[in-house]
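Trainee: I would like to learn how to read a structure such as this one. Please take it feature by feature.

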Amino acid sequence: MSTKPGLILIDKPVGLTSFQLLSPVKRAAGTKKVGHAGTLDKFASGLMLVLIGQATRFVQFLTAEDKEYVADIRFGEETETLDPEGAVTERAAPPDRETVEQILPRFTGAISQRPPAFSAVHIDGKRAYKRALDGEVPEMPEREVTIHSLELLEWDGDRSEAGSRARIRVSCSKGTYIRSLARDIALAAGSRGHLSALRRTRVGEFTVDMAQSPDELGTSEALERSRIWGRQLIERIDGISAVDLPPGLVGWVDQGQPLDSGSEGIPELEPGLHALIDAYGNIRALVEADAGRKTLKYRGVFNRLDI
């Protein structure tokens with residue numbers, strides 16, 4: 001069976017790297033052209049958006065979506081990686097629940113955040129984590145991110161118990177480091193802390209309860225049953241609208257020939273990105289409409305229906 005392009009939702013288990021997660025998908029799809037819209041660390045679990053074949057062109061749009069996590073902050077110890085896999089670098093008495101509840105509202109809205117030293121951020125052309133592994137102490141520039149909501153779900157322990165734990169739910173913008181958030185919440189509470197567990201529960205409109213385990217996706221038939229493509233995908237991506245492509249224009253579009261908004265069966269399109277969908281539900285092209293001109297600009301042509 002020839003695997004077609006599409007999005008696959010996978011619930012990554014703890015203990016697998018994101019790279020390891022993609023290997024069986026590549027084998028089942030019969031292609032190396034497989035990507036994802038955001039990694040998860042080995043200690044983390046949850047929703048990963050995996051794209052096959054020509055669907056990898058939508059990575060940039062899916063990585064821009066807001067995300068939601070359930071995270072455990074372990075108070076009392078900060079680690080060099082800000083997660084459970086790093087060596088302890090700082091210790092302090094853990095806070096009580098009341099203190100944590102009082103400071104959480106400070107971390108909602110637009111906030112400045114310093115990414116972890118062990119991260120994929122580029123510092124002078126080199127990944128920060130590679131500099132950290134080489135013994136450097138990289139200067140991590142702060143960035144602005146947005147925390148849409150932050151909720152304390154569970155509390156375990158009090159000030160007399162080293163290693164108190166808070167479980168939080170975070171809804172945030174792209175680029176947010178939950179490891180940094182854990183560190184900063186602990187510091188604001190007069191303590192030290194690190195992220196001890198993390199589960200991604202949502203990316204945009206896709207939720208983890210829509211996903212399948214890696215074991216369920218080991219064949220091309222299983223991938224085909226789980227594949228999200230066409231209008232089903234476009235309607236879940238913010239900033240792209242789905243437009244019906246008249247059958248007579250399919251060949252024209254496949255060749256990337258000039259196409260005008262409001263003519264030849266194409267409706268007047270609002271400025272922005274639009275996906276042209278054929279009668280069989282396939283995406284044939286991604287085009288951009290500009291208020292200042294009638295001719296649409298091609299952003300991608302999907303003239304093959306396989307990968």
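The dialogue below goes from the whole chain to single elements and residues.

Trainee: What should I know before reading any values?

Mentor: This is a predicted model, in which local features need pLDDT of at least 70 and side-chain atom pairs count only at pLDDT 80 or more, while totals for chains, interfaces and linings use all residues. Residues are numbered from 1 along each chain as its sequence is written, and side-chain values use heavy atoms, with hydrogens and water left out.

Trainee: How many helices and strands does the chain have?

Mentor: Helices (H or I, at least four residues) and strands (E, at least two) are DSSP runs, numbered from the N terminus. Here the chain has eight helices and 17 strands.

Trainee: How much of the chain is buried?

Mentor: Buried means under 20% relative accessible area, exposed means over 50%, and partly exposed lies in between, with a 1.4 Å probe and protein chains only. Of the 307 residues in the chain, 48% are buried.

Trainee: What do the contacts say about sequence separation?

Mentor: Contact means heavy atoms within 4.5 Å. Among contacts between residues at least 6 apart in sequence, 68% join residues at least 24 apart.

Trainee: Why is helix α5 described as largely enclosed?

Mentor: An α-helix has 3.6 residues a turn, so residues three or four places apart point the same way. In helix α5 (residues 178-188), nine of the eleven residues are buried, so the rest of the structure largely encloses it. The buried residues of α5 run over I178, R179, S180, L181, A182, R183, D184, I185 and A186. After α5 comes G190, with a positive phi near 80°.

Trainee: Which strands pair with β11?

Mentor: Two strands pair if DSSP finds at least two bridges between them. Strand β4 (residues 67-75) runs antiparallel to β11 and is joined to it by eight bridges; D72 has R167 in β11 as its bridge partner. Strand β10 (residues 143-156) is also antiparallel to β11, again with eight bridges, and S149 stands opposite S171 in β11. In a regular strand the side chains alternate between the two faces of the sheet. Strand β11 (residues 165-172) is itself mostly covered, with six of its eight residues buried.

Trainee: Which residues touch the most other members of the largest nonpolar core?

Mentor: A nonpolar core is a set of buried Ala, Val, Leu, Ile, Met, Phe, Trp, Tyr and Cys residues joined through side-chain atoms within 4.5 Å. The largest one has 42 residues, and L150, I168 and I185 touch the most other members. Not counting residues up to four places away in sequence, I168 touches residues including Y69, V70, L150, L152, L181 and I185. A second, separate core has 26 residues, among them A55, F58, V208 and L233.

Trainee: How are aromatic pairs described?

Mentor: A pair of aromatic rings is described by the distance of the centres and the angle of the planes. Rings of Phe, Tyr and Trp (its six-membered ring) pair if their centres lie within 6.5 Å; planes under 30 degrees apart count as stacked, over 60 as edge-to-face and the rest as tilted. The structure holds five aromatic pairs. One of them is F58 with F61, a tilted pair at 6.1 Å centre to centre and 50° between the planes. The rings of W229 and F302 have centres 5.9 Å apart and planes at 70°, so this pair is edge-to-face. The pair links distant parts of the chain, 73 residues apart: W229 lies in the loop between α6 (220-226) and α7, and F302 in the segment after β17 (297-301). Both W229 and F302 are buried. F58, F61, W229 and F302 form one aromatic cluster.
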